[in-house]
Amino acid sequence: MALLPILEFPDPRLRTKAAQVEPAQVTTPEFQRLVDDMFETMYDAPGIGLAATQVDQHLRFMVIDTSEDKSAPMVFINPEILERQGERVYQEGCLSVPGIYADVTRADTIVVRFLDREGRQQEMAAEGLLATCIQHEMDHLEGKLFVDYLSPLKREMVRKKLAKARRHAA
């Protein structure tokens, strides 16, 4: 396994809309290695979700583990939200926007259909943090970031803050 570089805002590659994963591709050794590398990268960051777009792989899938002890890894391939209910505001952060957090309103409960790591079609209901994480990562697959929910002024402040942090790190 290997750690993958995570793209950071405002990298234009984060705006790429991801392509569907072909079902035959799911069980290939290359795809399975990419999934393993994404989990390793996400856990190392540390984070609870990582979309393929964030590691410059523009395919419609993501890895998620919202457990405290990293014991519930989930893979969502070609996810599609079938139902949304309620609203909840969560303070979200993002591995592609390090150190920045903001309140985002999303559906509190969702039903999502996807292929699992073995390529089997699944449907599941999710609520709370897991529902928020799924919606956040699905936004990445559409080329959208949580900072897009902020005002243009706040988004520009985030861009400048990240640029300054990168300059100081260099």
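**Cores, sheet and helices of a predicted model**

Within the largest nonpolar core, which holds 19 residues, Met38, Phe61, Val63 and Ile77 touch the most other members. A nonpolar core is here a set of buried Ala, Val, Leu, Ile, Met, Phe, Trp, Tyr and Cys residues joined through side-chain atoms within 4.5 Å. Buried denotes under 20% relative accessible area, exposed over 50%, and partly exposed the range in between, with a 1.4 Å probe and protein chains only. The model is predicted: local features need pLDDT of at least 70 and side-chain atom pairs count only at pLDDT 80 or more, while totals for chains, interfaces and linings use all residues. Residues are numbered from 1 along each chain as its sequence is written, and side-chain values use heavy atoms, with hydrogens and water left out.

Helix α2 provides the largest share, 7 residues. Helices (H or I, at least four residues) and strands (E, at least two) are DSSP runs numbered from the N terminus. In soluble globular proteins, nonpolar side chains tend to be buried together. Leaving aside neighbours within four places in sequence, Phe61 is in contact (heavy atoms within 4.5 Å) with Val21, Phe31, Leu34, Val35, Met38, Ala51, Ala52, Val75, Phe76, Ile77 and Leu141.

The strands form an open, antiparallel sheet of 5 members in the order β1-β2-β3-β6-β7. Because β1 (49-51) and β7 (121-127) each have a single partner strand, they stand at the edges, and one side of each is left without a neighbour in the sheet. Neighbouring strands are turned by 40° against each other on average, direction ignored. Two strands are taken to pair if DSSP finds at least two bridges between them. Strand β2 (residues 61-64) and strand β3 (residues 74-85) are joined in the antiparallel sense over 4 bridges, and Ile64 stands opposite Met74 of β3.

Helix α2 (residues 29-44) packs on the sheet, where it touches β1, β2 and β3, and its direction makes about 45° with that of β2. Axes are lines fitted to C-alpha atoms, for helices over the stretch in contact, and angles run from 0 to 180 degrees between N-to-C directions. Helix α3 (residues 128-141) lies across β1, β2, β3, β6 (109-115) and β7, and runs at about 150° to β2.

Met138, in helix α3, counts as buried because its relative accessibility is 11%. Not counting residues up to four places away in sequence, Met138 touches Met62, Pro79, Glu80 and Ile81. The C-alpha atoms of Met138 and Met62 are 7.8 Å apart, although the two residues are 76 apart in sequence. Thr132, also placed in helix α3, is buried at a relative accessible area of 5%. With the sequence neighbours up to four places away not counted, Thr132 touches Tyr90, Glu92 and Arg106.

The whole structure contains 3 aromatic pairs. Rings of Phe, Tyr and Trp (its six-membered ring) pair if their centres lie within 6.5 Å; planes under 30 degrees apart count as stacked, over 60 as edge-to-face and the rest as tilted. The rings of Phe39 and Tyr43 are stacked because their planes stand at 20°, with the centres 5.9 Å apart. Both residues lie in helix α2, 4 residues apart, about one turn of the helix, and both Phe39 and Tyr43 are buried. Phe76 and Phe114 form a tilted pair, at 4.5 Å centre to centre and 50° between the planes. This pair links distant parts of the chain, with Phe76 in strand β3 and Phe114 in strand β6, 38 residues apart. Phe76 is buried at a relative accessible area of 0%, and Phe114 is buried at 8%.

Some backbone features remain. Most residues other than glycine have a negative phi, and most peptide bonds are trans. A cis peptide bond joins Phe9 to Pro10, with omega about 15°; Pro10 is placed in the segment before α1 (23-26). Ala45 and Pro46 are likewise joined by a cis peptide bond, with omega about -10°, and Pro46 lies in the loop between α2 and β1. Lys70, which is not a glycine, has a positive phi of about 60°; Lys70 is in the loop between β2 and β3 and is partly exposed at 46% relative accessibility. Asn78, again not a glycine, has a positive phi of about 50°, but Asn78 lies in strand β3 and counts as buried at 15% relative accessibility.
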